[in-house]
Amino acid sequence: MMHDSIQQTLSSFIAERILKQPKRTIRPDEPLISSGLIDSFSLVDLALFVEDTFGVHIADTELNASTFDNLEQLSQLILSRKAA
Amino acid sequence: MGVVEILILTAIAAVLGRVRRGRPLALMLVSALVIYWLQPKTAPWDFWLPTLSLFLTLLGWAITTPPETRRLPENALSLAVLLGTLGAILLSARFFPEETPFTSPVSLRRFLPILSGFLVLLIGISLPNRSPRLLPPGLILLLLAIFLVLKSPSLTERSMALIGALLTSNPDGTPAPLPWLGFSYLAFRLLHTLRDRQAGLLPPVTLAEYVNYAIFFPSFTAGPIDRLERFVKELRSPLPFQPDDWLSVLQRLTTGLFKKFVIADLLALISINDRFVFQALAPGWLWLSLASYALRLYFDFSGYTDIAIGLGRLLGIRLPENFNAPFLKPNLTQFWNAWHITLTQWFRAYVFNPLTRSLRAQRALPDALILLIGQVATMVLIGLWHGLTWNFALWGVWHGLGLFVQNRWSEFARVHFSSPDIHPWVQQGLRIGGTLLTFIYFSLSMAFFALSTPELAFTVFLRLLGLA
């Protein structure tokens with residue numbers, strides 16, 4: 001799966017399932033965690049979604065803004081783990 | 001720590017920060033001396049508690065480090081330096097018992113067999129190629145058991161009386177229980193390395209690096225709680241210190257001293273305590289005394305953090321921030337993202353996230369219930385970390401419920417009132433209202449935090465409403 005389509009999949013999941021605003025688009029560099037857009041509960045949801053969809057594990061200790069804080073960083077993380 | 005101790009530590013950090021060769025060893029040696037120096041001076045605890053901190057740290061390193069890193073020759077040198085420091089502390093107590101700042105005289109007849117036993121254990125863990133899988137959970141359980149004993153006053157008293165009788169030569173003189181300086185924060189750091197090791201996420205580090213991480217003297221007594229990988233990265237390539245940096249460090253240190261020793265100490269005079277409840281104070285005064293307690297807690301603790309961060313910077317290490325203007329946050333979730341940040345991140349990583357993940361994976365409970373369980377369990381544990389009392393448990397329930405209700409409301413508001421429809425003035429008003437409400441909610445929780453029994457806290461709530 002390519003970088004852009006990973007971002008698209010993540011963006012729709014966050015907009016529809018986490019923010020409950022299907023029409024909202026999320027910019028690749030929009031801060032997700034540090035801005036409070038995604039709370040700690042939804043972050044676990046996001047980790048489970050990434051695991052189910054891309055087969056990439058994000059550990060509990062990595063669910064914070066220093067591991068990833070936007071779609072660009074998250075999709076890079078997914079790609080790097082898929083390649084490993 | 002008082003002002004004098006902080007000034008002495010600042011001078012030490014300023015000199016130590018300029019050391020280039022043998023830096024991790026020098027830093028480790030000084031941190032080891034400082035933890036003995038800062039432990040309150042009552043025999044035999046002023047020797048045994050810092051020594052136990054060092055033993056637990058060394059066990060933590062041996063258990064979390066892969067064999068190829070454990071066997072590096074530099075680790076033997078670091079261990080020798082640490083034992084040499086211990087020897088120097090013991091000699092200073094033997095020959096200069098009045099003058100030494102480190103410890104009271106120690107019975108070598110009791111200490112040497114314990115030290116030998118510990119070293120045999122340490123080497124027994126370090127030498128084999130494969131460590132038993134039970135070691136990390138074993139040390140985790142030991143740390144949690146010590147936590148349990150230390151956080152319950154009656155258990156502390158009983159166990160210290162028992163251990164004290166074994167350690168002192170005089171069986172009649174049972175020493176008074178003492179706080180174990182820095183244990184909580186040390187335990188959080190060690191637990192982080194043990195759990196990350198179990199998850200295969202911990203980078204290998206040398207003995208000196210691990211010990212420096214665990215007992216780094218600026219953050220030893222009250223945090224911040226750094227993460228090993230971040231700390232060691234800074235230790236390996238310290239930030240350069242330019243002449244201009246003096247100004248920012250001095251600013252940080254004086255801000256910290258002013259917050260802690262002027263503002264917090266003044267607020268303490270009007271902060272709520274048990275006596276306030278018995279005096280027939282008007283509701284207005286009680287509101288003020290609760291708000292003062294909340295502000296005092298902030299100024300005291302964030303002042304201390306400023307000092308720790310300033311000292312760390314002198315040593316070339318940027319410690320993580322612990323506070324980010326929490327009282328200016330418009331809701332409780334954002335407040336808890338900005339208050340004692342390194343502690344809440346620790347609990348999120350090791351309690352909330354794993355608990356939520358496992359409940360989600362079972363797919364048996366509705367989302368809202370999982371959220372409620374996760375928030376309340378985490379906040380109650382944070383409460384009980386302050387002490388095993390009903391008051392701290394209730395304080396945790398108060399905040400767990402607050403976070404849950406606020407989360408549900410935000411969710412509802414996000415769907416039903418999308419922001420573009422709302423006039424900026426209304427948004428600003430809502431923000432200010434939210435900030436005030438969050439401050440009041442936190443201040444009210446101080447009734448549980450500051451008073452000794454739930455009855456007193458509930459009496460205060462009734463009085464605040466003019467009902468008692």
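The legends below accompany close-up views of a predicted model.

**Figure 1. Chain B as a whole is a helical chain, with 21 helices and zero strands.** The radius of gyration of chain B is 24 Å, close to the 23 Å that the globule rule gives for 468 residues, so chain B is as compact as a globular protein of that length. Along the principal axes, the C-alpha atoms of this chain fill a box of roughly 70 × 55 × 50 Å. Of the 468 residues, 41% count as buried, and among the contacts between residues at least 6 apart in sequence, 73% join residues at least 24 apart.

**Figure 2. Domain 1 and domain 3 of chain B are in contact.** The domain assignment divides chain B into domain 1 (18-236), domain 2 (245-319) and domain 3 (327-464). The centres of domain 1 and domain 3 of chain B, taken over C-alpha atoms, are separated by 35 Å, and their contact takes 10 residues from domain 1 and eight residues from domain 3. On the side of domain 1 that touches domain 3, helix H9 (residues 183-198) of chain B gives the most, with five residues. By class, that side of domain 1 has four nonpolar, four polar and two charged residues.

**Figure 3. The largest nonpolar core has 127 residues.** B:Met28, B:Val211, B:Ile215, B:Leu290, B:Met446 and B:Ala447 are the residues of this core that touch the most other members, while helix H15 of chain B gives the most to the core, with 13 residues. Leaving aside neighbours within four places in sequence, B:Ile215 is in contact with B:Ser31, B:Ala32, B:Ile35, B:Ser53, B:Thr57, B:Leu186 and B:Phe220. In soluble globular proteins, nonpolar side chains tend to be buried together.

Figure 4. Helix H20 has 27 residues and reaches 39 Å from its first C-alpha to its last, which is close to the 39 Å expected at 1.5 Å a residue. The buried residues of H20 are B:Thr438, B:Phe442, B:Ser443, B:Ser445, B:Met446, B:Ala447, B:Phe448, B:Phe449 and B:Ala450.

**Figure 5. A cis peptide bond joins B:Gly223 and B:Pro224.** Omega at this bond is about 0°, and B:Pro224 lies in the loop between helix H11 (217-220) and helix H12 (228-236) of chain B.

**Figure 6. Chain A and chain B are in contact.** In this interface, 14 residues of chain A are in contact with 20 residues of chain B. The side of chain A that touches chain B divides into six nonpolar, five polar and three charged residues.

Notes
Residues numbered from 1 in each chain as written. Chains lettered and ligands numbered in written order. Predicted model: local features only at pLDDT ≥ 70, side-chain atom pairs only at ≥ 80, totals over all residues. Domains from an automatic or database assignment. Contact = placed C-beta atoms within 7 Å. Helix = DSSP H or I, 4+ residues; strand = E, 2+ residues; numbered from the N terminus. Nonpolar A, V, L, I, M, F, W, Y, C, P; charged D, E, K, R; others polar. Expected span 1.5 Å × (residues − 1). Buried ≥ 20, exposed ≤ 12 C-beta atoms within 10 Å, placed from the backbone. Rg over C-alpha atoms; globule rule 2.2 N^0.38 Å. Core = buried A, V, L, I, M, F, W, Y, C linked by C-beta atoms within 7 Å.
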